[in-house]
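Hi,

Here is the structure I promised to send over.

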Amino acid sequence: MTELRRPQVVPDPSLPDRVTIYEVGPRDGLQNEKAVVPTTVKVDLVERLLDAGLPLVEATSLVHPRWVPQLADAEEVLGALVDRLGDRARDLPVLVPNERGLDRALDLGLRHVAVFASATDSFARRNLNRTLDEQYAMFEPVMTRARAAGTRVRAYVSMCFGDPWEGDVPIAQVVAAGKRLMDLGAEQLSLGDTIGVGTPGHVVALLDALNEAGLSDDVLALHAHDTYGQALGNVAAALRHGVTTFDTSAGGLGGCPYAESATGNLATEDLLWMLDGLGIATGVSMPRLVETGGWLEGHLGRPSPSRVLRALQP
């Protein structure tokens with residue numbers, strides 16, 4: 001494997017010494033692709049990302065095909081991953097939208113699921129066909145049954161920093177949504193900057209408010225989008241605050257099919273470059289990640305938005 005340029009390491013002793021990168025590329029990264037990505041490519045992508053050292057790779061979503069046609073082959077992807085990886089594949093997180101999705105996950109013997117909630121009424125109606133309050137009634141049996149089955153549960157809360165229909169989202173409203181999801185049994189809360197409008201001061205203010213409500217940084221994750229070029233700055237603010245889990249997508253792919261202004265996720269490669277330069281351990285191999293990014297570009301037929309991937313490719 002070709003030797004890649006690396007950042008000069010200048011540690012900051014005030015920052016955490018280790019970070020978990022939660023890879024969402026195979027689900028959130030691919031769900032917005034218009035051309036159907038072959039099942040074998042999706043399976044290969046998950047395996048390549050695991051081989052690169054990413055500890056958590058969200059494999060797919062068990063959603064009805066008419067809502068996200070790209071992920072209609074979820075069972076086939078998961079079955080192929082079990083064939084290749086054995087029991088390890090059952091620990092890969094998958095998104096489940098409702099009890100039917102959970103049934104499918106449990107039938108497959110999966111041990112890690114996620115639910116996708118909203119901090120705003122407008123997005124809850126568009127994404128879940130529920131009001132802001134009604135969404136919790138939908139998630140309660142999902143999370144209760146999942147926990148009873150010994151399955152790990154993660155909760156995403158979207159529109160934490162702004163909503164394309166409602167504009168500014170009050171911090172107290174986000175805190176209330178997050179607290180309700182954690183009270184229902186989530187073990188981790190991922191804070192989604194779905195349309196990428198957040199700024200570092202806003203991130204700190206939200207984290208402070210969540211801490212005051214009893215949610216410590218160790219149960220929080222940041223899911224940043226780079227629509228306005230703020231993703232790494234927002235991660236740096238959250239990192240300094242004490243958050244140690246960050247959602248990224250290989251190559252910076254992804255968006256949200258229900259929010260047209262939501263562009264790509266923070267690229268895994270871009271975050272890794274920053275963390276490597278700070279001397280923060282992740283266990284992720286940049287050369288393997290870059291190799292996978294180039295391979296994925298070939299299958300998608302276009303260059304990646306990741307700046308680091310573009311800079312490091314031969």
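This is a predicted model: local features need pLDDT of at least 70, side-chain atom pairs count only at pLDDT 80 or more; totals for chains, interfaces and linings use all residues.

**Helices α8, α9 and α10**

Let's start with α9, which covers residues 231–241. Helix α8 is made of residues 200–212, and its axis comes within 8 Å of the axis of α9. The two cross at roughly 35°, and the crossing is right-handed. If you want to find the contact on screen, look on the α8 side for Pro200, Val203, Val204, Leu207, Asp208 and Asn211. Their partners in α9 are Gly233, Asn234, Ala237, Ala238 and His241. Sorted by class, that contact has six nonpolar, four polar and one charged residues.

Helix α9 also meets α10, which runs over residues 268–277. Here the axes come within 11 Å and cross at roughly 45°. The pair is therefore oblique, since an angle between 35 and 65 degrees is neither roughly parallel nor roughly perpendicular. The crossing of α9 and α10 is right-handed. From α9, the contact uses Leu232, Val235, Ala236 and Leu239; from α10, it uses Asp270, Leu271, Met274 and Leu275. By class, these residues are seven nonpolar, no polar and one charged.

**The second largest cavity**

Searching the whole structure gives three cavities of 30 Å³ or more. I looked at the second largest cavity, which holds about 60 Å³ of space. So what lines the second largest cavity? Its lining is Ala250, Gly251, Leu253, Gly293, Leu296, Glu297, Leu300, Arg302, Pro303, Ser304 and Leu309. Helix α11 (residues 286–300) gives the largest share of that lining, with four residues. The lining splits into six nonpolar, three polar and two charged residues.

**The second largest pocket**

Moving on to the pockets, the second largest pocket has about 190 Å³ of space. There are 13 residues in its lining, and Asp226, Ala267, Asp270, Pro305 and Arg307 are the ones nearest the centre.

Cheers

Definitions and conventions. Residues are numbered from 1 along each chain as its sequence is written. Side-chain values use heavy atoms; hydrogens and water are left out. Axes are lines fitted to C-alpha atoms, for helices over the stretch in contact, and angles run from 0 to 180 degrees between N-to-C directions. Angles under 35 degrees count as roughly parallel, over 145 as roughly antiparallel, 65 to 115 as roughly perpendicular and the rest as oblique. A crossing is left-handed if the near helix is turned anticlockwise from the far one by less than a right angle, and right-handed if clockwise. Contact means heavy atoms within 4.5 Å. Ala, Val, Leu, Ile, Met, Phe, Trp, Tyr, Cys and Pro count as nonpolar, Asp, Glu, Lys and Arg as charged, and the others, Gly among them, as polar. On a 1 Å grid over the protein atoms alone, a cavity is a set of points where a 1.4 Å probe fits but cannot get out, and a pocket is an open set with protein on both sides within 12 Å along at least five of seven lines; lining residues have an atom within 4 Å of a point. Grid points are joined across faces, edges and corners, and a volume is the space filled by probe spheres set on the points.
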